[in-house]
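Here are some notes for your reading of this model.

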Amino acid sequence: MAEEKDYSKYFNKPSLKDAKSRKRREVNIEDFAAVKEMAGIGQGKHYHVKTYGCQMNEHDSEAIAGILEQLGYATTDDEKLADIIILNTCAIRENAENRVFGELGRLKPLKVNNPDLILGVCGCMSQEESVVEKLLKKYQHVDLIFGTHNIHRLPEYVHEALISKERVVEVWSGEGDIVENMPRRRANAVKGWVNIMYGCDEFCTYCIVPYTRGKERSRLPEDVINEVRELAAAGYKEVTLLGQNVNAYGKDFQDRTYTFGNLLDDLNEIDIPRIRFTTSHPHDFDELMIATLAKRGNLMEYVHLPVQSGNNAILKKMNRRYTRESYLQLVRDLRSAIPDVAITTDIIVGFPGETEEQFLDTMSLAEEVGYDGAYTFIYSPREGTPAAKMADDVTDLEKKDRLYRLNALINADANTGNMRFQDQVVEVLVEGPSKNDDAVMSGYTRHQKLVNFKADAAVIGQIVDVRITEAKTWHLYGELVSD
Ligand code: 5AD
Ligand code: SF4
């Protein structure tokens, strides 16, 4: 008699309490192993992956696509042709979650028309207990739920979902291991993402990420360096180093002292035109990092430095571990080492209890820094985080009004930031035709400025010189400088 399969092993829901615990243990590094029995299970079938949220998710989706292609699935943009649809979700704010629930509702008829369709949800939302409960109760057409720590197990989950026709739910709440050599289908042939670390131990009081992405763990420098070398050899022109807080890179190493500054310094030696990184936390941006960035070479003159608020009492309530004064000092230090550096930021308005005066401190800080750009957000309570329990007496109207005033200031500064490139010749890594005109090419400078200019499509993928003829708030316009 055939042995009865135990499907309950694929029914494991997340717990925010377990996700919060930070155990002292060594991080295991394992290699992705393709399972022979599953080779070809996607032959003749199609997949469609939809990504929400940050670059980390974009990069995870490249692994999901790579794994599905290894199983034989081919990509499709047409949801109706797909045999498996996966939504890689974001939990950072409530509206990001609402979009996913809306999308799941919209996709339901596809499932009615094609009962064999596998509909999967992964990413940060699936690490939340309340979301998984809701999916299980109200979204019964979702077949597969997995989390951020177990993407490498996708072949097994797809296999189980196919043969069992039951819902497969497998979310690991504890910190994950590091899995090297996952297959990847990179979305871009000249710009690549490279993870340098996973997780976050900062626990900013408003943020869900330390719960959904687990404990901080760094990849070994040799693995990061090899990956950047491989991308360079494959013709990539730009690499973005990814981590929730890249400044904490290496702090978890037990056998060596090696920090983010050391990594930047080693990567500075590699023959690839451009390297940038995201995201940096201001409190541990150290001297070595600044000195290394000042060497320039392949290190781009661009730093994303989230400030969140310009008021010390709010920064304390956010558990940000720096002050307005130390942040401004860091900006001065960066600018004295790299005078033309472009600085962007993230700002939250309407944090619980934020007064008008406290908000005005954020306005004055933004004015003093003169950011090249900023992502601005209205505070969104996230279940399980400390800030969600804080008294919040700021009205919705006030929050919207603050966002509006802040955006007006940020846009004016972005315009000033762009004006400084007027009549200058800048290097542009060309990505492709601009949104509105095929005869106009689009790309980014070393300062991460978007440039549009007339050129032939032959320049796509190359770094070319462009003279800036017009600076606008959202982009620069220029003309190709021929050699
Ligand atoms: N509400 C609003 N914005 C948030 N962010 C993180 N958590 C929240 C929240 N609960 C913002 C921060 C962070 C960016 C990625 O998202 O500004 O830097
Ligand atoms: Fe969230 Fe703070 Fe970690 Fe960034 S550093 S992911 S804002 S907890």
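Predicted model: local features only at pLDDT ≥ 70, side-chain atom pairs only at ≥ 80, totals over all residues.

1. A charge sits over a ring if NZ of Lys or CZ of Arg is within 6 Å of the ring centre and within 35 degrees of the ring normal. Lys-20 meets this with Phe-203, its charged end lying 5.8 Å from the ring centre.

2. Residues are numbered from 1 along each chain as its sequence is written, chains are lettered from A and ligands numbered from 1 in the order in which they are written, and side-chain values use heavy atoms, with hydrogens and water left out.

3. Which residues surround ligand 2? They are Cys-200, Glu-202, Phe-203, Cys-204, Tyr-206, Cys-207, Val-209, Pro-210, Gln-244, His-281 and Arg-320, where near means that a heavy atom of the residue lies within 4 Å. The shell divides into 7 nonpolar, 2 polar and 2 charged residues (Ala, Val, Leu, Ile, Met, Phe, Trp, Tyr, Cys and Pro count as nonpolar, Asp, Glu, Lys and Arg as charged, and the others, Gly among them, as polar). Phe-203, in this shell, is also the residue whose ring lies under the charged end of Lys-20. Cys-207, another shell member, counts as buried because its relative accessibility is 14% (buried is under 20% relative accessible area, exposed over 50%, partly exposed in between, with a 1.4 Å probe and protein chains only).

4. There are 9 aromatic pairs in the structure (rings of Phe, Tyr and Trp, the last by its six-membered ring, with centres within 6.5 Å; planes under 30 degrees apart are stacked, over 60 edge-to-face, the rest tilted). One of them, Phe-101 with Tyr-139, is tilted, at 5.3 Å centre to centre and 35 degrees between the planes. This pair links distant parts of the chain: Phe-101 belongs to helix 3 (residues 94-113), and Tyr-139 to the loop between helix 4 (129-138) and strand 7 (144-146), 38 residues apart. Helices (H or I, at least four residues) and strands (E, at least two) are DSSP runs, numbered from the N terminus. Phe-101 and Tyr-139 are both buried.

5. Why is the pair of Tyr-249 and Tyr-258 edge-to-face? Because the planes stand at 75 degrees, with the ring centres 6.3 Å apart. Tyr-249 and Tyr-258 are both buried. Elsewhere, ring pairs connect Tyr-206, Phe-351 and Tyr-379 into a cluster; Tyr-206 also belongs to the shell of ligand 2.

6. The structure has 0 disulfides (cysteine sulfur pairs within 2.5 Å). For Cys-90, the nearest cysteine sulfur is that of Cys-124, 6.4 Å away. Cys-90 counts as buried because its relative accessibility is 11%.

7. Strand 19 (residues 440-444) pairs with strand 20 (residues 450-454) in the antiparallel sense over 5 bridges (pairing needs at least two DSSP bridges). These two strands form a hairpin with 5 residues between them, and Gln-448 in the turn has a positive phi of about 65 degrees. Strand 20 also runs parallel to strand 22 (residues 476-480), joined by 4 bridges, with Lys-454 opposite Glu-479.

8. Strand 21 (residues 463-471) is joined to strand 18 (residues 425-433) by 5 bridges, antiparallel. Strand 21 and strand 22 also run antiparallel, over 5 bridges, and are connected as a hairpin through 4 residues.
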